[in-house]
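Hello,

Here is the structure for you to look over. My notes follow below it.

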Amino acid sequence: MELLECIHIYKDYDKKQVLKDINLKIPRGKIIGLLGKNGMGKTTLIKLINDLLTPTSGKVLVNGKNIGNESKKIISYLPEQTYLDKSMTIKQTLEYFTDFYDNFDIEKAKRLIKDLDLEIDTKISKMSKGMQEKLQLILVMSRNAELYILDEPLGGVDPATRDYILDTILNNFNEDASVIISTHLISDIERILDEVIFIDKGKIILSTDADKLREKEKGSIDEIFRRMFKC
Amino acid sequence: MLSKCLKYDLKYIYKVLIVFYLIDIGFAIITRILFSFDNSFMLHILALIASGTTISFMFSIIINNLMRVWARFVKNIYSDESYLTHTLPISKSTIYTSKFLASIITMFTSILVIILCVFIAYYSKENLEILKNTLQFFATSMDSTTIKVILTAFLCLFLEFTMILQVGFTGLLLGHRSNNLKMAKSIVYGFLNYLFVGVISVLIIYIIGLFNPNIMALFNTNINNTLTVDIVKIALTLGICLYIILIAIYYYIDIKIFKKGVNVE
Amino acid sequence: MNFIFDNDRPIYIQLVEQLQIFIISGKIQPGEKLPSVRDLALKTKVNPNTMQKALAELEDLKLIYTERTNGKYVTTDNKLLNKFKSKYAKEKTQKYINEMKELNFTKEEIIKFLKEEDK
C-alpha cells in the first residue's frame with residue numbers, strides 16, 4: 001500500500017482548470033521534490049492532500065484510506081502562511097500541539113526552540129516574520145509523522161536561513177517517513193532529493209529518480225528543468 | 001477532542017469578553033455609589049452618566065459576544081489559521097459543535113452578567129418592589145407565577161440570541177462556499193436566513209392555526225376578539241418549541257454543509 | 001571533512017569519489033570507524049538514502065566493510081589501499097600530462113617543470 005496516492009485528480013476554480021488528471025504515488029522513506037514554476041498547481045495539489053480544498057473529481061488516498069482524521073494524524077504539513085494564533089505565546093502553542101497531536105515530540109521542539117535563542121514565553125506576534133516561520137518549521141518537524149509536506153519552505157529566505165531550514169529538515173524527519181518539498185528554487189534543494197516530480201500547467205510532466213535523471217540528461221535538475229520549461 | 005477544542009474556543013472568546021464584563025460591573029458599582037449620594041446635583045449628573053454607560057455596556061457585551069464568536073469562526077475556519085485547524089486530527093462536526101457550544105455558553109454567561117449589573121446598579125427595596133409588582137402583574141394576567149415569567153423571558157432571550165448566532169454561522173458557511181465576495185455574501189446569507197426563520201415560524205403557527213381555531217385567534221385582528229390568556233400561553237410554548245427545533249435543524253444542516261469540505265484561499 | 005558538490009552529476013557518484021579520496025589520503029585512517037549514515041548525511045547535507053547508496057558502492061569496492069552491529073569501518077587492507085592510491089595517482093598524472101601535451105610541451109619540458117615546481 002502506498003503512503004500517498006492521488007488518482008485522477010481534477011480541480012477547477014470557476015471555469016479555470018488548475019489541476020488536470022493528477023496521478024501520483026508516493027512511497028515511504030524518500031525525499032521528493034515537487035518542482036514547478038509559481039502558479040502551476042503545486043500549492044493546490046498540496047492543499048487537496050491536506051483537506052483545505054476539495055477536488056472537483058478524483059481521489060486522494062493516504063495509506064489506502066480517504067482523507068480524514070487518520071490521514072491528518074500522520075501528515076505533518078508546513079504551509080506558506082503562518083497559521084499560528086498570534087495572540088498565543090510559544091509555550092501555549094506547544095501546549096496546543098501537544099493537545100491535538102499524539103505524535104508531537106515537545107522535548108524535541110523545546111530543544112530546537114532553545115537553539116534559536118527564543119524565550120518560551122515570547123508572544124508569537126512579537127516575533128519577526130522569519131522567526132515565526134522557523135518556529136512553524138520546528139513545530140512541523142517535531143511531529144513523528146509518516147509524511148511531511150513542506151510548501152515552499154525556502155521562499156525568499158537568505159542563505160543562512162536556507163541552510164538552517166535544510167538542516168532542520170534533514171535532522172528531524174524520521175527514517176521511515178517521506179518528505180515532499182514543493183519549490184521553484186530547485187538548485188538550493190536538489191542535492192537532498194531522492195525523487196523529483198515536475199508539475200507544469202496543472203499536469204505532472206515527469207516523475208523520476210533524481211540521480212538517474214542527472215545521469216540521463218547530463219546536467220543538474222535545475223538545468224534540466226529550465227531546459228524543459230524555458231524559464 | 002471536543003473538550004480540548006471547546007477549551008481553546010472559550011479562551012479566545014472570553015479573552016476580550018471578560019474585560020467587557022469587568023468594565024460593565026465596574027460602571028454598575030460606580031453608578032450605585034454615585035446614586036447613593038443624593039444631596040448633590042453634580043453627583044446626580046455623574047450618576048446619570050455612569051448609569052447610561054452601564055446600560056450601553058450591556059449592549060456592548062451582547063454585540064461583542066456575537067462578533068467575537070463569529071470572528072473566531074471566520075479566523076479559525078477560513079483565514080490563515082485555518083491551515084492549522086483543518087489539518088488537526090479532529091472531525092468537522094467536532095469543530096463545528098465546539099464553536100456552537102462556545103457561542104451558547106458565552107451567551108449564557110453574558111446574559112447572567114447583564115442581569116447581575118442591573119442588580120448592582122439599581123437594586124433597592126423600592127426598585128425591587130416595582131419589579132416584583134410588574135412581574136406579579138404579568139404573572140397574574142398570565143395566570144402564572146413570577147418565577148415562570150422570569151424563566152420564560154430568560155429562555156426567549158437566550159433562544160433568540162442563539163438563533164442569531166446560528167444563522168450567522170450558516171451565513172458564513174454558505175458565503176464561503178463561493179469563490180468571491182465571501183464576506184459580503186456571508187452577511188447577506190445570514191440576514192436571509194434570519195428572515196427565513198421569522199417567516200417560517202409565523203407560517204408554521206398559521207398552519208397549525210388552520211386546524212386549531214384557538215391559535216387562529218392570534219391572526220385575527222378584529223378588536224372584538226380579545227386574546228385569552230390560554231392562547232397567548234399556547235402561542236408562547238409553540239414559539240419556544242419551534243425555535244428549539246429550528247436551532248436543531250440548522251445545527252444539523254450546518255454540519256452537513258461543513259462536512260462537504262472547505263475551500264481555503 | 002569538507003564536501004563540495006556540483007549538481008550536474010549524480011550526487012552519490014560524487015560522494016563515492018570524495019570519500020575515496022579521504023580514505024586513500026588517510027584523512028580517514030585505515031580501520032577507523034565511520035560515523036552513522038545519518039550523521040554523515042547531515043555533515044554533507046545530503047539525503048540519507050543517497051549516502052547509503054554511496055557507502056554501499058564503497059563497500060562493493062571493499063574500501064569499507066560492515067561489522068555486523070557496530071557500524072562501518074575503513075579497510076585495513078594496505079595492498080588494496082595502495083592499489084587505489086596508485087590508480088588515482090595514475091589518473092591524475094595522465095590528466096596533467098594530457099593537458100600539457102595539448103599545450104605543446106615536450107616530455108622533457110614537463111619533467112623539468114615538475115622538478116622546478118616541487119622545491
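β1 and β2 of chain A form a hairpin with two residues between them. In the turn, A:Asp14 has a positive phi of about 50 degrees. β1 covers residues 4-13 of chain A and β2 residues 16-26, and the two pair in the antiparallel sense over seven bridges. A:Leu4 stands opposite A:Ile26 in β2 of chain A. Strands count as paired if DSSP finds at least two bridges between them. Helices (H or I, at least four residues) and strands (E, at least two) are DSSP runs, numbered from the N terminus.

This is a predicted model: local features need pLDDT of at least 70, side-chain atom pairs count only at pLDDT 80 or more, and totals for chains, interfaces and linings use all residues. Residues are numbered from 1 along each chain as its sequence is written, and chains are lettered from A and ligands numbered from 1 in the order in which they are written.

Chain A as a whole: eight helices and ten strands. Its radius of gyration (over C-alpha atoms) is 18 Å, close to the 17 Å that the globule rule gives for 231 residues, so chain A is as compact as a globular protein of that length. That rule is 2.2 Å times the number of residues to the power 0.38. The C-alpha trace of chain A spans about 50 × 35 × 35 Å along its principal axes.

Now the interface. The contact (C-beta atoms, placed from the backbone, within 7 Å) takes 19 residues from chain A and 14 from chain C. On the chain C side, α1 (11-24), α2 (37-44) and α3 (48-60) each supply at least two residues.

Best wishes

Key
Contact = placed C-beta atoms within 7 Å.
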